[in-house]
Amino acid sequence: MSNSLPYSMKDVSYDNAKFRQRSLYKVINQTLLTQNVKRDWLSCSTGKFLALVMLFGLAYLFLTHTSSGPEVSGGLAKNVMVNEGDKINGDGISGLRKFWRKPPRLPPRLSPDEKGGKNSLSREAENPSSRLKWVSRQQKVKDAFIHAWSGYKKHAMGYDELMPLSQRGVDGLGGLGATVVDALDTAIIMGADEIVSEAGSWIETQLLDRIKHKGQVNLFETTIRVLGGLLSAYHLSGGDEGMKLTRNGPKPTVYLDTARDLADRLLSAFTASPTSVPYSDVILRDSSALPAPDGLSSTSEVSTLQLEFNYLSTVSGDPKYSLEAMKVLDHLKTLPKVEGLVPIYISPQSGQFSGENIRLGSRGDSYYEYLLKVWLHQGGSENSNVTYLYDMYIEAMKGVRNRLVHRSVPNGLVFVGELPYGSNGAFSPKMDHLVCFLPGTLALGATKGKTKERAMKDNLLTFDDLENLKLAEDLTHTCFQMYSVTSTGLAPEIAYFHTEEYSEEGLDGGNKTSKYLSDIIIKRADTHNLLRPETVESLFVLYRITEDPKYREWGWQIFEAFENYTKVDTGGYSALDDVTHIPPRRRDKMETFFLGETLKYLYLLFSDSDVIPLDKFVFNTEAHPLPIRSAVRSS
């Protein structure tokens, strides 16, 4: 694009200019010498004489001024300690130091529009009818979860996934009953006690035997869905001095013991590899591991295991899980990058990246997510051992802004594209729906889970944080438009964006009333919708942080579209083949993440902010909340 990118460092430096500190010499010089009136006044001898008298007078006042005593605030004198040597010249020097001291750094302020929006939000929150509206909508999400579970329980209990149209189950994730485990903590959070009992009972009586006798599973998918789900259920049901949101289901130790047995087998992916990069697959029954057929692992997969293994080490008291998982991030720290951006493949044999393809969609996405989340979960700024992760995250987000962020034409939607041939290759205006995780991560990284108002008031936001937060808001808007631009109101799996260099005719989303119909291009192979959670995840995080009610309204529109076009009367919800036509063709698949992530994030979007608060929990990439121990214990 010929125009400069909307989030370039040049703009950041320019915005920062008004906050830079200036020396006393520059202040006087600019004030007295840059204005024509002043220059004329100083050109006469009388003016020069008066100026000298004024300067000598000011110097005398500052050097001889004596304080009338300590300041008093709220009836209590401020404690100011001075030694005897300082007292001799204390008053004069104190005044001189006050004169010479540097001006304080001005903190970022909420704009008048933001202040107004916050006031209107406060009024909405205090309005009983508004609260009742969101409680009612939250209940509708819970009803949808119960309907999804009823179809799974009736037709596919114990299988990984439900095929709702065929009314049968299918094992596509290794046969560990992934939907049961993925859905469990959603049921706990929603207070769906009957489902908690059913899922908990199945885990107690069936899962451990499955783990001991099943064959090949993917390390990444099994970790984020099954291991993460077990650990979250352990905490939320009262384990590790946890929240005990339910009294249903087995004792919490059942979940922990099962998690340990599974993790012991998954460790073989790390120990069998000749480098710090684990193999992609594990044979559970004999605790062996093997690489993918092409020998490569996805960068996102090897770097999206650490939250789960770290927390397991914490609650089990055995450091081996954390030690193996963190070796991966320690190693990735040493590898060459392009402004923090990395290729999407890595070799367990060599330990090096493979290829040059850079993207934040599939195979790249959660690498960037876990740089931030592992840092937060391990204590953030309080833990110097993981500071490098935050540094890597900050560098990567600058790389995103500099190299991947562009605007569409004609209406300027901000999107994140790809570099399929590396940093020196052509830019592709392609954006997976998966990339819609990024706004939530950017907002979380900016405020560390606090509200924007609180972070601003406490002067916690750097200008880099503000840039990331603005980018988060713009990208969330784009992700929502990927929904509203289609006939069904549901997003495609992949979108392309019309730019000055790229356009295709006749590939719009079908909603002729959308302002952005010409900005978003949807190719025929990409029109499907898999009930993905990334956009509603970011809506949830953005609402919690900005407290802007529009994110709730957008989430409700998306939920209604799911209800209108994906709900199956006999139970469950179905993925769609084509979101651009009505009625849409259905794909006969209900992914586990619809219960584990999509409906959970929608429920939390409509809930009060003290339900799984963002400054006390980190959600793994499958939406399983794990407690930030330092935050939970200090509350």
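## Strands and sheets

Strands β5, β6 and β7 form an open sheet in that order, with antiparallel pairing, where two strands pair if DSSP finds at least two bridges between them. Helices (H or I, at least four residues) and strands (E, at least two) are DSSP runs, numbered from the N terminus. This is a predicted model, in which local features need pLDDT of at least 70 and side-chain atom pairs count only at pLDDT 80 or more, while totals for chains, interfaces and linings use all residues. Residues are numbered from 1 along each chain as its sequence is written, and side-chain values use heavy atoms, with hydrogens and water left out.

Strand β6 (residues 281-283) is joined to β7 by three bridges in the antiparallel sense, and I283 stands opposite S288 in β7. Helix α10 packs on this sheet, where it touches β5 and β6, and its direction makes about 70° with that of β5.

Another open sheet has the order β8-β9-β10, and its pairing is also antiparallel. Its edges are β8 (297-298) and β10 (353-354), each with a single partner strand, so one side of each is left without a neighbour in the sheet. Two bridges link β8 to strand β9 (residues 345-346), and S297 is found opposite I346 in β9.

## Helix pairs

Helix α10 (residues 219-236) also packs against helix α8 (residues 178-190), at an angle of about 25° and with the axes 7 Å apart. Axes here are lines fitted to C-alpha atoms, for helices over the stretch in contact, and angles run from 0 to 180 degrees between N-to-C directions. The helices α8 and α10 are therefore roughly parallel to each other (angles under 35 degrees count as roughly parallel, over 145 as roughly antiparallel, 65 to 115 as roughly perpendicular and the rest as oblique). Contact, meaning heavy atoms within 4.5 Å, involves residues including V181, L184 and I188 of α8 and V226, L230 and A233 of α10. The residues of this contact divide into eight nonpolar, two polar and three charged; Ala, Val, Leu, Ile, Met, Phe, Trp, Tyr, Cys and Pro count as nonpolar, Asp, Glu, Lys and Arg as charged, and the others, Gly among them, as polar.

Helix α9 (residues 193-213) packs with helix α11 (residues 252-266) at about 20°, with axes 10 Å apart, and these two helices are therefore roughly parallel. The crossing of α9 and α11 is left-handed, and the residues in contact include I203, E204 and L207 of α9 as well as Y255, T258 and L262 of α11. By class, this contact has seven nonpolar, two polar and four charged residues.

## Helix α22 and its surroundings

The axes of helix α20 (residues 463-484) and α22 come within 11 Å and cross at roughly 25°, and the two are therefore roughly parallel to each other. Their crossing is left-handed, and the contact is made by E473, T476, H477, F480 and Y483 of α20 together with Y551, W554, Q557 and I558 of α22. Of these residues, five are nonpolar, three polar and one charged.

Residue Y565 lies in helix α22 (residues 550-565). Although Y565 and R585 are 20 residues apart in sequence, their C-alpha atoms are 9.4 Å apart in space. Beyond its neighbours within four places in sequence, Y565 is in contact with S487, T488, L490, L576, I582, P584 and R586.

## Backbone details

Most residues other than glycine have a negative phi, and most peptide bonds are trans. In this model, S287 has a positive phi near 50°, and S287 sits in the loop between β6 and β7. The peptide bond from V409 to P410 is cis, with omega near 10°, and P410 lies in the loop between β11 (405-407) and β12 (414-416). A cis bond also runs from I582 to P583, with omega near -5°, and P583 belongs to the loop between α22 and α23 (592-605).

## Confidence

The protein averages a pLDDT of 87, and 79% of the residues score at least 70; pLDDT is the predictor's confidence in each residue, from 0 to 100. Over residues 1-43 the pLDDT is below 50, and this stretch has 55 contacts in the model beyond near neighbours in sequence. Residues 66-107 likewise stay under 50, and for them the model has 30 contacts beyond four places in sequence.

How values were computed: Left-handed = near helix turned anticlockwise from the far one by under 90°.
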